[in-house]
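Reader: I have a model open on my screen and would like to learn how to read it. Could you walk me through a few features?

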Amino acid sequence: MGVSSYAQENEVSFEIKLSKEKLGINERLRVEFTMNKDGDNFSPPPFEGFKVVMGPSQSISSSWINGKRSFSKSYSYILVPTARGRFTIKQATIEISGETYKTLPKAVEVTGAVDKPSDEKTVDDVADESLHLVAEVSKGNPYLNEAVTVVYKLYVSPSISVTNYRPLDNPKYNNFWSQDIPVTKHTAQNGTYQGKPYRFVILKRVVLYPQKFGSLEIEPLSLEIFVDVPTNRRDFFGGRIYTQTSKTVSAGRRTLNVKPLPEAGRPVNFGGAVGDFEFSVTASKRQLNASESLQAKVEVSGKGNLKLFQLPEPELPSALEVYEPEFDENVRTNISGMEGKVADNYTIVPSFRGKYPIPSISFSYFNPKTSKYVTLNSEEINIEVMEGPVGSSTDNSISSSNNKQFVVATGKQFHFIKLSPNLSKIGTNYFFGSNSFYLMLFAPLLLIPIAVFSFKKREAIASDVAGNKIKRANKLAKKYLYTAKKELGNKEAFYVALEKGLHNYLKAKLKIETSEFSKEKITAILTEKKVSTENTEGFIGLLKNCEMARYSPFSDVQMQNDYDKASEVISKLDKQL
């Protein structure tokens, strides 16, 4: 029996089970620790007098019967005695719901060798020894925003056959930017595990970019594996009989020690780029006329966190009309991380004749291979406007030394549409009997029903209190999202504005008041409205980020991601609500 107590209304049990209490020195002992609620920080006893030959093997089962949930979780070990005598399996401990539970000690007697050991390996024993899920991590101590690859491999002994599997618990990569690399085909390969020949299959691949430095934990991946295990029995034709069983395997938790980017040598304009990049600024034209347009492209290419930093902005003369840039992204994520290019395309329209320089701009990044910062500078580009109005009474050119343009309007930037009009005599028209006469005569009669309809419409709008509140909330939501965008880089102000925007959006769509604004109620209402789980979790995740930002360090990249995600989530909810 194990120690048990009542946690709220449900009794918690944590017990030890032995396959036998008396065994020969040539037999095996199976020890199983079971609990009816999930727990953490399981600590096994030292197993004095025994040697662990297998384990711990974890098994989880959960079911609903007559509206009640049944849960069971166990850790099992296979032991072989190292000496004869009487031994005690001491207490194991586990934490459940914040409390520590212990099993009672169990006594085991080990005798001399027996002629026929009664503990031949069971089907579950064979499956436990033959299945291993391993998470291979490319780097254990990466830099902040450096790519880390995690590959989950299932090792299977040649003695058994895997028929199917299903994930039980997919890891959530908190504090990481993550990208799954799809495994299109599960091909078995030959390899070794702990020095023994095995076959392995790659089940999952993911690329992670740590967004915080320090010790970051990667949650384990848990799978239920269905296998065929051979037995010692044979069929009528002499073939070996196989038994099917299922086992739960888990890739253990992994901890990464993420290093912060060094302060020494950090450029002033460093924007968080980590990798190995090339940088360029190009123009589609070097010569053009006034009012024509050209394209200036600021581009970064290479390998690294291409989606997680901002591109530098060029400083252009004030006489050039510059439009908001169009972002162009061609990035693919493979097993080693992101690779490709990102660019901002600026449309520039000069208004006056002259020469205009696009000054050199710099881009800085951190190279984790060399552990050094690198600064790249673009070439200065000179744009010459050949024809057009003169922008200055004294000089048409722009000095490249101070990169400033003073524009003085001369009145010549506007042209007549037509200088030689072809005029003709207009005949005499009489008002009485004309179209204007009849229009003014019957217009009052036509305006009466329009006035009545408009009056009723205004009354309906004024009486629609809920509708007016929805419109106001919609305006507030747009206002606060706009405010959040302006506050990017200012963590506290950004997340206050973002949370208010999300708040008012829900007031508009779900008609709930501030006093009713809780994540549980929001989840229940969105579920009732048949909003997808992905969109619901995305919205709740944004609210949690707003709360966490009050006491956790959030990077500019994380703020940009949260703003983009807020726009995306609101867009998706609009289609479902």
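Author: Let's begin with confidence: pLDDT (the predictor's confidence in each residue, from 0 to 100) stays under 50 over residues 1-9. For that stretch the model has 24 contacts (heavy atoms within 4.5 Å) beyond four places in sequence. This is a predicted model, where local features need pLDDT of at least 70, side-chain atom pairs count only at pLDDT 80 or more, and totals for chains, interfaces and linings use all residues. Residues are numbered from 1 along each chain as its sequence is written, and side-chain values use heavy atoms, leaving out hydrogens and water.

Reader: Where else does pLDDT stay under 50?

Author: Over residues 393-414, for which the model has 30 contacts beyond four places in sequence. Where pLDDT is low, the predicted coordinates should not be read in detail. The protein averages a pLDDT of 80.

Reader: At what angle do the axes of H5 and H6 cross?

Author: Helices are DSSP runs of H or I, at least four residues, numbered from the N terminus. Axes are lines fitted to C-alpha atoms over the stretch in contact, with angles from 0 to 180 degrees between N-to-C directions. Those of H5 (residues 519-528) and H6 (residues 533-548) come within 10 Å and cross at roughly 165°. The two helices are therefore roughly antiparallel (over 145 degrees).

Reader: Which residues meet there?

Author: Among them are Ile 522 and Leu 526 in H5, and Phe 539 and Leu 543 in H6.

Reader: And how many salt bridges are there?

Author: Side chains of opposite charge can pair when their charged atoms come close. With a side-chain nitrogen of Lys or Arg within 4 Å of a carboxyl oxygen of Asp or Glu as the rule, the count comes to 11. One of them joins Lys 153 and Glu 136, with the closest N and O atoms 3.2 Å apart.

Definitions and conventions
Parallel < 35°, antiparallel > 145°, perpendicular 65-115°, else oblique.
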